[in-house]
Amino acid sequence: MARKKQVGRRVEGWKAKKWYRVYVPETFGKVEIGDTISADPANMVGRVMTATLGEVVQDYSKSHIKMRFKINNVAGDAAYTEFVGHEVTRDYLRSMVKRRASRIDTIHPIVSKDGKLLRVTVVCLTISRAEQSQVHAVRQAISQALSARAAESDFETLVRDIVSGDMARDVFKVVKTIYPIRRVEITKSKLEQIAVV
């Protein structure tokens, strides 16, 4: 049996929705990273957008760094975000690993001066194969360097230092005194929660 046609006009699903421009936080220069669509602006809060650092800073040599931003505010047709994490692409990481060398991975939670908890993954690549005691010493030095740097930086500065590679350079300077190191890279970060200070 055929269904009766609806009387009156019904706004089609897509026509009821509206496009919003998405901007990165002030830390990265409030650059537009794309558009998103929604019928209700309130539904957009909490939505996570991804973009490469190359797109954000207009430097395509940094396209191997994937950034994650969460929408936290909508005003008019603009959606504003906060940084929630980054990750280095797998192929870039694979290209750095060499034979007869150690890869030392360290996952460490750090708390910024303004009480935000960030979980970071640091990959440390040695020139030659390291012994277990040396690996342990390197991990300990990385954790101490990260915690000390985080304690004196607010969240925005911390994020900028992590993504730009400044923090990895500082960690490298500390770690190379323990064992010959070829490269230190902060490959992943994730905003966990607001820490209690």
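Start with aspartate 161, which lies in helix 5. Helices here are DSSP runs of H or I, at least four residues, strands are runs of E, at least two, and both are numbered from the N terminus. A word on the source: this is a predicted model, so local features need pLDDT of at least 70, side-chain atom pairs count only at pLDDT 80 or more, and totals for chains, interfaces and linings use all residues. Residues are numbered from 1 along each chain as its sequence is written, and side-chain values use heavy atoms, with hydrogens and water left out.

Is aspartate 161 buried or exposed? Buried, at a relative accessible area of 11%. The cut-offs: buried is under 20% relative accessible area, exposed is over 50%, and partly exposed is in between, with a 1.4 Å probe and protein chains only. Leaving out residues up to four places away in sequence, aspartate 161 touches Arg149, Asp166 and Met167. Contact means heavy atoms within 4.5 Å.

Helix 5 covers residues 155–164, and its buried residues include Phe155, Val159 and Val163. Just after helix 5 comes glycine 165, with a positive phi of about 100°.

Keep Val159 and Val163 in mind. Phenylalanine 28 touches both, along with Val56, Met67, Phe69 and Phe83, again not counting residues up to four places away in sequence. Where does phenylalanine 28 sit? In the loop between strand 1 (18–23) and strand 2 (32–38). Phenylalanine 28 is buried too, with a relative accessible area of 11%.

Now the rings. The structure holds 4 aromatic pairs. Phenylalanine 28 and phenylalanine 83 form one that is tilted, 6.1 Å centre to centre, with 40° between the planes. This pair links distant parts of the chain, since phenylalanine 83 is in strand 5, 55 residues from phenylalanine 28. The rule: rings of Phe, Tyr and Trp (its six-membered ring) pair if their centres lie within 6.5 Å; planes under 30 degrees apart are stacked, over 60 edge-to-face, and the rest tilted.

Phenylalanine 83 is buried at 4% relative accessibility. Why is its pair with phenylalanine 69 called edge-to-face? Because the planes stand at 70°, with the ring centres 6.3 Å apart. Phenylalanine 69 lies in strand 4 (residues 65–75) and phenylalanine 83 in strand 5, so this pair ties together parts 14 residues apart in sequence. Phenylalanine 69 is buried, at 0% relative accessible area.

Put together, ring pairs link Phe28, Phe69 and Phe83 into a cluster.
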